[in-house]
Amino acid sequence: MKKSLLLVAIAAMGLVLVPYVGLPAFYLSVLYLIFHWIALSTSWNLLSGYSGYFSFGHGAFFGIGMYTTAVLSSGFDIPFLWTLPAAAAMAALFGAVLGVVSFRVKAVRGELFALLTLAATFVVATIVLNTPIDGGPGVYLSAVPVPEIGPSASTTFYYLALAAALLTVVIALLIYYARFGTGLFAIHDDEDVAEVLGVPTFRYKVVAFALSCALAGVVGGIHALFVSYVTTGDIFTVLLPLTVILMSVLGGTRHWAGPTVGATVITILLYSFTAGDSAVLGKVAMGVILICVILFMPDGILGGILKKFVRKPDAARARPKDTLAADSNGGVLPEPAGGRPAPGADSEILLSARGICKSFQGVKALNDVDLDVRRGEILGLLGPNGSGKSTFINVASGHFPLTAGTMTFEGRRISGIGAHRIAGSGISRTYQIPRPFAHLTVLENVALPAMFGARQQERRRAEHDAWHWLEFTGLADRAFALPEDLNLHQRKFLEFARALAAHPQLLMLDEVLSGLTPSEIDEAVALIQRIRAQGTTILFVEHVMRAVMALCDRIVVFNQGTVLAEGLPAEVMARPDVVATYLGKPAAAHAAPSVPPIGIRAHA
Ligand SMILES: Nc1ncnc2c1ncn2[C@@H]1O[C@H](COP(=O)(O)OP(=O)(O)OP(=O)(O)O)[C@@H](O)[C@H]1O
C-alpha cells in the first residue's frame, strides 16, 4: 500500500505543477475532463466494481450534487466551495436511504439492483423537474463567482477536478488494502458465504454505496459551476452510468487504479472524436469497445497486464518463518497422540437448540429439533440423505433464518441475529460443496475469516495467521493459487483452513470427507483429531462411517427433520430403528463400528 500511495503522491506533485508549464487553457480543459471522469468512474467502482453491485444510478447521485450546488450557490448565494460538502451529503443521504431499503431485500442483487438504481435516476429527475428545484427551464450559475484557486478560471477548475480525482483515488486505494476492501471483494464473489464468515455485508454495502454517492455528488457540484447551466435532460440520462461502467470495466474493476486507466483512455478517445467533429462515431466506438472488453478482456486493461506481467510470489519464500511448519511437534498445536478425554454428560453445553423448525416452501427440513453440543466434544450428526443435517448447520451458522425455535451459544441467544455476528461469537463452518471466493487467492481466502471471525484481526496479522492454517492443512505451497487451480481434496482442505482461521469455539464440518480417497480421508481424520486436541468443539456431519466411529464422542441421528436417536456411537449404531432408517439393512449396524479405525483412537 505504501508504494501505491507514494506513486499517487508523486503523480499528484507532478500534476499540481502542470498549470505552471504554460499549457494553453484548452489542454487544461481536456485534463479537467480526464480528472472528472477518473473521479466519477472510481467513485462508481467503490461499490459496483469492488462488491459487484452494478449501479446504473450514478447519474442520479452526480445530478443531486449538481443541483445542490446550483441551487445553493445561485439561489441562496452560498459560496461555491461551501456547497460542495452539502452536495456530497445530499448524494450520500440519498444513496444511503436507497441502500438501506434495497440491500435489506436479499433478492435485490445483480440485474435487479441495476434496474432499481436506474429507476431511482428517473424518480429523482421527475422530482427535480416538477418542483422549484428546477421547475423546467434549468438552473443558471453564470452569476456564481469562481473561487480564486488558480490564476485563471481554467486553472481553478483544473485544480478542483484534480483534487476530486485524487481524493477519490486515494479513498479507493485505502479501501482496496483495508479489511473493508477485502470484505467488499468477498461480497462480490459470494455474499452469503462472506456474511457467514463474519463480513457485515449489509453495513459494508451501505457504507460503500453512500461513499460512492458522496464522491459523485462532489464531482457533480464542481461540474455544475464548470458548465454553469444545469438541466435535467442533460444529467439524468443512462449515458453517464454507461460511460463510467465502460471506463471501469475497460481499466479493470478489481483494482483501485483500473477506473483511472479506463477513464483516461476513453476520455482521450472521445475527445479526439469530438474534436474531429465525429461525436457520433465516438459513441459508436465506445459501444464497440464495451463489447470487445466484455468478450475479450474480462479483467480489464490493468487486470490483464497484472495477470500477464506480474509474477506470482514464490510461496516458499513468502511464507513467514514462524509458521506451524517451523513450530511442528509441540508448537501452536498439540499432537493428536492420546487425544483428550471425551467430555462427560455433565460438561458445559456450548450450543443449545430448542424446538428448531426450518421449512422450505412447505418442505419441513427440520421439525421441532432439540440438540445440545457440549464443550470439547466431537458430536456426529448422522442421517439419511435429506434428513436435515446440512439444514441444521445452515440455521446454526445463520446462513438460513429459522422458521421457529431458539438457539443459544455459550448461553447467549444467536437465533435471529445476523450471520456475521454468529461468526463473531465463535462459530464457523465448512460447506459440503466447497464455496471458496473465486477471485481471491488461497491465502486471501483463509485470511478473510481471520479478519472477520472471532478475533477480528487487522489484515497483516490475519495474513500471518492464515499462513499457519495453510501449513496446518498442507496448502502453504498453493498460497498464491486461485481456488480454480486446486483439486477437490485441496478445495476441501481450503474449507477447513478457512473455518479454522476464524478461531472458532465450535467448528461445524459438513461432509468434509465426501469425494476423498481413503488415504485423503486418513489425512483429514488426523487433521480433525488435531483440531479437537487444541480444544475446538466439533459438530461432524458425515457419511463415512469408519471416520464417524473413530472420531465421535456422541452421535445424534436425524430422520426426516427430527431427532431419531442420540447417545454413544456404538450404542446408537446398534439400535434397530437407526439401522433400519440410516443403514437400510440390519447387518450393517454391526459392520460400521467394527471397521478398523484409521490409525486413531476411537472415543466410543
Ligand atoms: N435451499 C433449499 N431450498 C429448498 N429445499 C431445501 C433447501 N435446502 C434443503 N432443502 C430440503 O430440505 C431437506 C433437508 O435437506 P438437507 O440438505 O438438510 O439434508 P441432508 O441431511 O444434509 O442431506 P445430505 O446428506 O444429502 O446432504 C431436503 O428435503 C432438501 O431438499
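User: How far apart are the end C-alpha atoms of residues 256–274, and how much of the span is helix?

Analyst: In this predicted model, the end C-alpha atoms of residues 256–274 are 28 Å apart, and the span is 89% helix with 0% strand.

User: What does UniProt list that span as?

Analyst: The unreviewed UniProt entry lists residues 256–274 under "transmembrane region", along with other spans including 82–105, 112–133 and 157–178. For residues 82–105, the chain is 96% helix and 0% strand, with 36 Å between the end C-alpha atoms.

User: Switching topic, which domains is the chain divided into?

Analyst: The division gives domain 1, covering residues 2–238, and domain 2, covering residues 349–594, and the C-alpha centres of these two domains lie 44 Å apart.

User: And how many residues are in contact between domain 1 and domain 2?

Analyst: On the domain 1 side there are 17 residues in contact with 21 residues of domain 2. Helix H7, residues 179–196, gives the most to that side of domain 1, with 11 residues, and by class the side that touches domain 2 has eight nonpolar, four polar and five charged residues.

User: OK, now the ligand: which residues surround it?

Analyst: Among the residues around the ligand are Phe360, Val363, Asn385, Lys389, Ser390, Thr391 and Gln432. By class, the shell around the ligand has three nonpolar, eight polar and one charged residues.

User: Which strand and helix each supply at least two residues of that shell?

Analyst: Those are strand E4, residues 363–374, and helix H15, residues 389–396, and H15 gives the most to the shell around the ligand, with three residues.

Key:
Residues are numbered from 1 along each chain as its sequence is written. This is a predicted model: local features need pLDDT of at least 70, side-chain atom pairs count only at pLDDT 80 or more; totals for chains, interfaces and linings use all residues. UniProt positions are given in the numbering used here, feature names are shortened, and annotations may be inferred rather than shown by experiment. Helices (H or I, at least four residues) and strands (E, at least two) are DSSP runs, numbered from the N terminus. Domain bounds come from an automatic or database domain assignment. Two residues are in contact if their C-beta atoms, placed from the backbone, lie within 7 Å. Ala, Val, Leu, Ile, Met, Phe, Trp, Tyr, Cys and Pro count as nonpolar, Asp, Glu, Lys and Arg as charged, and the others, Gly among them, as polar. A residue is near a molecule or strand if its C-beta atom, placed from the backbone, lies within 6 Å of it.
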